[in-house]
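Dear colleague,

Please find below the sequence and structure that I am passing on to you. My notes on what was found follow directly after.

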Amino acid sequence: MTKLLLITGFLGAGKTTLLNRILTEYAPYKAGVIVNEYGSAAVDDALLEGHGTDMTLLKNGSVFCACLKDDFIKALVDMSRADIDYLFVEASGLSDPANMVTILEAAKQAGSRPYNYLGAVCVADAVRFTRHVMVLPALSSQIAYSGAVIINKTDLITPEEADDVEEKVHAINPSAVIYRAVRCDVPIYSLARCRSVSLLPAESSNKRTGRLRAVTLRSGESPDRDKLLAFVGEIGPLAYRVKGFCRTGDGGLYISAAGDLVESEACDLPDVTELVIISSVGISIISKILEAAEKCFSEPPELK
Amino acid sequence: MGRQLLIDTMKHKKTERAPWVPFSGVHAGMLLGYTATEVLTDADKLYDSVMETFRLYSPDGLPVIFDLQVEAEILGCKLMWSDDCPPSVADHPLEGKEPEIPCSCKLPTEESGRIPVILNAMRRLKTEIGEKTALYGLICGPFTLASHLRGSDIFMDMVEEEEYVTELLDFCADAAIRMIDFYIDAGMDVIAVVDPLVSQISPGHFEEFLTEPFKALFDYIRSKGALSSFFVCGNATRQIENMCKTGPDGISVDENVAIKPAKEISDRYNIAMGGNIPLTTTMLHGTQQDNMKYIIDMLDELTPGNFIVSPGCDMPYHTPVENAVAAASAARNPDEARKMIANYTPAVLNIPVDLPDYTALERPLIEVFTIDSETCAACTYMMEAALDAKRHFGDDIDVIEYKYTIKENIARTAKMGIKNLPTMCVNGEIVWISIIPNRQQLFDRIQKELNKTE
């Protein structure tokens, strides 16, 4: 029976980093992956290349929302028939997995072979968790329905602050195994043993996740690297997440920003810059992007 | 070329004359004997009708379709269709419920509702006349769309559920972005964001809820290389400055707005003003000379440049062709027209009307003076507010609508001293001018009158 592990966590918390670690550790096994992205560009897809796994990408929403649920069920049915030992599902940042068990049941009705559901692992961004959990109900649900919670990026906060985050996580889910980590460096095999508590499945709050605005910026220009980073630095605080592969005068650059924290590393030069920006300021992000872009690009970038 | 003249004007360049843009929506269908429903649902009839408008009225710019219900229909509003005006929204899927935002999967696609019909006509028109005349794609503005979805509850929400209103407007702006993409891809030169209900809220509410979404839409349109216009109807005088701050290339107003002071404001922001031939008194019921005189007087009153001659809003279906032809000729050749109307004195409308004896009413009387609640969204929602009160108070009150499209009502409106539409009167007193009362305000006012009679 294929074993299924769900990975949840807010935008930029480190889900893809964790998934990469998992796929490396589980290399001796045959693994399949379903990646769910909020935006329209396939950034995580590209980051996960090279593991030789079966991969299905579900874009533009949450797999727990009515709009993508059917696609998710179909992907689960297909994967159940593939020759794999493990299926890892990376949910999008605002996914509320409360109805995961119901979805597995629906997949069974639709012809899926049964899965051995190992439960969910949630990656919490140590820096931003306290702030976001107050306003985003899906985050509480991600914690509540997890067997293990990784408080990631603890190198960026004090031990006391980490205690505070841990306390909050514990208050939401007293039975979860909690790890503190930097770059999701945790004992990977132990994650699959932390089965989620058997909370009753509930309706996902993802009926309204559509309101989180994902804007994909595209441009064929190759701006100066510093100008591009300044642009991301300007937009970062207005976004939950900025990530993607960019063209610069110095070659390709992978950008990953969460709030004020901007990370970048060299990558292959993409044909076009594709940056996914998840707004935390609603629609005004469009005006802000275009205004900031004037200092970086010579023509307005395409926004989708 | 007319198209270039229009583009130059919207880019605030010096031009030899003001461009002429007849907003012939359903009226275009009338030219070929099609009903409003036919022209708004059939790509061939729409295409033929717009071509006929182009032939008859020599426009510098032209809307392909004028129907603010396209998006609402896709998002689940039922429409009430008519032979001689655009459809109106007959129900509001989010009304009377807990605040709810539709799922993003409901947003328009190129296959949704009547969009394939519209895009088909747009593409063919672009090929046929797109070099000669600027084509306008009209989309429903986010506030009017939110009202279509939420009904008159939205006015109460703005007081009690502010966060919800922001979220709903964000969703409606998303719908607008989809439409902008479709219409620009189909070759539209100008995207007009048409939001009649903007005139019915306070400037404070505009700043709180509308500045950001509208600015985002106009910035977005500009980033895609198209021009933008902000259409409003009703008495938007108090909103002109706020509208300018959202940064469109143009603004278009109807006869409820005094064009000279409005243009003085838009000139300060270097935004092209458009307007505002009166739809009913001049275009529908007036003479050819009336139409020419209005345009000439308007042009003579305004500082030159940054101006587009157009009707105040969608032309009435039954507008006599000769009136629109006269308007076209005055707009295109103002010097000739000026000579032709040199000694013309407009006829005075002289229809006797009796006003009720407001001191001897048996029960409170709510009178709603509208352009037409079936065609003007602001009027629709003011009338809905009154009908909501009627449902609540039943036989304890009377409610009546006076549509300006009927000549007798023009005289009645004048006799009441009403200058702007829609306006709501309670027992003969003008209470709400171009502002839609929320449920509480209206009910309190009626209760006050009822208390007096008890």
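B:Lys260 belongs to helix 12 (residues 259-268) of chain B; helices (H or I, at least four residues) and strands (E, at least two) are DSSP runs, numbered from the N terminus. Apart from neighbours within four places in sequence, B:Lys260 is in contact with B:Glu301 and B:Leu302, contact meaning that the C-beta atoms, placed from the backbone, lie within 7 Å. Between the C-alpha atoms of B:Lys260 and B:Lys339, which are 79 residues apart along the chain, the separation is 23 Å.

Please note that this is a predicted model, in which local features need pLDDT of at least 70 and side-chain atom pairs count only at pLDDT 80 or more, while totals for chains, interfaces and linings use all residues. Residues are numbered from 1 along each chain as its sequence is written, and chains are lettered from A and ligands numbered from 1 in the order in which they are written.

The sheet of chain B

Chain B holds an open sheet of 7 strands in the order 1-4-5-6-7-8-9, with parallel pairing; two strands pair if DSSP finds at least two bridges between them. Strand 1 (61-63) and strand 9 (307-311) of chain B stand at the edges with a single partner strand each, so one side of each is left without a neighbour in the sheet. On average, and with direction ignored, neighbouring strands of this sheet are turned by 25° against each other. Axes here are lines fitted to C-alpha atoms, for helices over the stretch in contact, and angles run from 0 to 180 degrees between N-to-C directions.

Within this sheet, strand 5 (residues 190-194) and strand 6 (residues 227-231) of chain B run parallel and are joined by 5 bridges. B:Val193 has B:Phe230 of strand 6 of chain B as its bridge partner, and B:Ala192 stands opposite B:Ser229. Strand 6 of chain B is largely enclosed by the rest of the structure, because 5 of its 5 residues are buried. Both of its faces are covered, with B:Leu227, B:Ser229 and B:Phe231 buried on one side and B:Ser228 and B:Phe230 on the other.

Helices of chain B

Helix 1 (residues 2-10) of chain B has 7 of its 9 residues buried, so this helix is largely enclosed by the rest of the structure. The buried residues include B:Leu5, B:Leu6 and B:Ile7. After helix 1 of chain B comes B:His12, with a positive phi near 65°.

Helix 9 of chain B lies across strand 4 (134-140) and strand 5 of chain B, and runs at about 160° to strand 4 of chain B. The axes of helix 8 (residues 153-160) and helix 9 of chain B come within 6 Å and cross at roughly 125°. These two helices are therefore oblique to each other, on a scale where angles under 35 degrees count as roughly parallel, over 145 as roughly antiparallel, 65 to 115 as roughly perpendicular and the rest as oblique. Helix 8 of chain B contributes B:Ile154, B:Asp157 and B:Met158 to the contact, and helix 9 of chain B contributes B:Glu162, B:Tyr164 and B:Val165.

The contact between the chains

In the contact between the chains, 16 residues of chain B meet 16 residues of chain A. Helix 9 (162-185) and helix 10 (203-223) of chain B each supply at least two residues of the side of chain B that touches chain A. The largest share of that side, 7 residues, comes from helix 10 of chain B.

Chain A

Strand 9 (residues 239-248) of chain A has 10 of its 10 residues buried, so this strand is largely enclosed by the rest of the structure. Strand 9 of chain A runs antiparallel to strand 12 (residues 273-279) of chain A, with 6 bridges, and A:Phe245 stands opposite A:Glu274 there. Strand 9 of chain A is also antiparallel to strand 10 (residues 251-258) of chain A, with 7 bridges, and a hairpin joins these two strands through 2 residues.

With kind regards

Methods. Contact = placed C-beta atoms within 7 Å. Buried ≥ 20, exposed ≤ 12 C-beta atoms within 10 Å, placed from the backbone.
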